[in-house]
Amino acid sequence: MTETLSHTALITGASRGLGRALARELARQGWNLLLDARHPAPLEAVRAELQTLTHVQTRSGDVGDAFHRQELLEAAQTLGGIDVLINNASMLGPSPQPDLLSFPLDILEQVYRTNVIAPLALIQTLEPQLKSNACIINITSDAGQEVYAGWGGYGSSKAALEHLSAILAVERSDLSVYWVDPGDMRTDMHQAAFPGEDISDRLLPEESVPGILQLIAQRYPSGRYLARALPARNQ
Ligand SMILES: NC(=O)C1=CN([C@@H]2O[C@H](COP(=O)(O)OP(=O)(O)OC[C@H]3O[C@@H](n4cnc5c(N)ncnc54)[C@H](OP(=O)(O)O)[C@@H]3O)[C@@H](O)[C@H]2O)C=CC1
Ligand SMILES: CC(=O)[C@H](N)C(=O)O
């Protein structure tokens, strides 16, 4: 059965951290949601939490897996298409992060598959179900632009994601393409990036949500944005 729903967002990596924070706020605003993450139980907990607010579908799987991306396409079809795709799922790599000359190349391939190939592959797979003037949000990082020792794997993958996003924006001017740095956030990934350190001074991911939702609502020109430099105007 095809349900025709007005606004639908697909968020990858929505079982915790920034993805869950985005899902919660979009649900509160009445968006219909298609969510993924690899582990089913935490993803199901998000669905159970949000289903009282809106229509939520979940598909557990790895964004790097073509079969899983096909499942997301089929779910998108049942929802009548996608207005907003948020490529949020990401892989840091080893913790602590090794220098480049000792970086295990098999893990570097996984980092690139998750952070670079999978977002593009998901856009390619979903293209038939992207509504006109759809919005693509690729979550990047300051590590994609700044040079930090020890951040060569993850950082270079985010740099590649940024360049890819910029070229997509030029090639597809009919889409709104945003690559967004959410800023440091108190999440599992950030703790893994700083193992053993006290990260309690970092802002929660909820602080990065209003700016991202403002991009969606206001449809600024395609480009790179800092989530926290975009305070929501209308909330
Ligand atoms: N935290 C920070 O300080 C910063 C984060 N970012 C970026 O923000 C985004 C969100 O990060 P954050 O919330 O901290 O991350 P978290 O580690 O807290 O959450 C990651 C989410 O993605 C899911 N996920 C991870 N790998 C995959 C995969 N291969 N396929 C599908 N789902 C996956 C996880 O669930 P599961 O494990 O079940 O798959 C989880 O739901 C990322 O793109 C990150 O690079 C950018 C700058 C700073
Ligand atoms: C994962 C992190 O903690 C990092 N600060 C980043 O910029 O992505």
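Predicted model: local features only at pLDDT ≥ 70, side-chain atom pairs only at ≥ 80, totals over all residues.
Residues are numbered from 1 along each chain as its sequence is written, chains are lettered from A and ligands numbered from 1 in the order in which they are written, and side-chain values use heavy atoms, with hydrogens and water left out.

Let's start with the helices. Helices (H or I, at least four residues) and strands (E, at least two) are DSSP runs, numbered from the N terminus. Axes are lines fitted to C-alpha atoms, for helices over the stretch in contact, and angles run from 0 to 180 degrees between N-to-C directions. Helix H1 (residues 17-28) packs on helix H2 (residues 40-50) at an angle of about 20°, their axes 10 Å apart. H1 and H2 are therefore roughly parallel to each other (angles under 35 degrees count as roughly parallel, over 145 as roughly antiparallel, 65 to 115 as roughly perpendicular and the rest as oblique). Arg 20, Ala 23, Arg 24 and Ala 27 of H1 meet Val 46, Glu 49 and Leu 50 of H2, where contact means heavy atoms within 4.5 Å. By class, that contact has four nonpolar, no polar and three charged residues; Ala, Val, Leu, Ile, Met, Phe, Trp, Tyr, Cys and Pro count as nonpolar, Asp, Glu, Lys and Arg as charged, and the others, Gly among them, as polar.

H1 also meets helix H7 (residues 209-218), with the axes coming within 10 Å and crossing at roughly 60°. That makes H1 oblique to H7. On the H1 side you'll find Leu 18, Ala 21, Leu 22, Glu 25 and Leu 26, and on the H7 side Val 209, Ile 212 and Leu 213.

Next up are helix H4 (residues 105-126) and helix H5 (residues 152-171), whose axes come within 9 Å and cross at roughly 20°. That makes H4 roughly parallel to H5. The contact includes Leu 108, Val 111 and Tyr 112 of H4, and Tyr 154, Ala 160 and Leu 164 of H5. Its residues divide into 12 nonpolar, four polar and no charged.

Tyr 154 takes us on to the ligands. Along with Ser 141, Asp 142, Trp 151, Asp 184, Met 189, His 190 and Ala 193, Tyr 154 is around ligand 2 (a residue is near a molecule or strand if one of its heavy atoms lies within 4 Å of it). Polar side-chain atoms sit 2.4 Å from a ligand 2 oxygen for Ser 141, 2.5 Å for Tyr 154 and 2.5 Å for His 190.

Ligand 1 has 30 residues around it, and Ser 15, Arg 38, His 39, Tyr 154 and Thr 187 come nearest. An N or O atom in the side chain of Arg 38 is 2.7 Å from one of its oxygen atoms.

Finally, the backbone. Most residues other than glycine have a negative phi, and most peptide bonds are trans. The peptide bond from Ser 95 to Pro 96, though, is cis, with omega near 0°, and Pro 96 is in the loop between strand S4 (82-87) and H4. Asn 133, in strand S5 (residues 130-139), has a positive phi, near 60°.

Terms used:
Polar contact = N/O pair within 3.5 Å; in protein donor to acceptor, adjacent residues only side chain to side chain.
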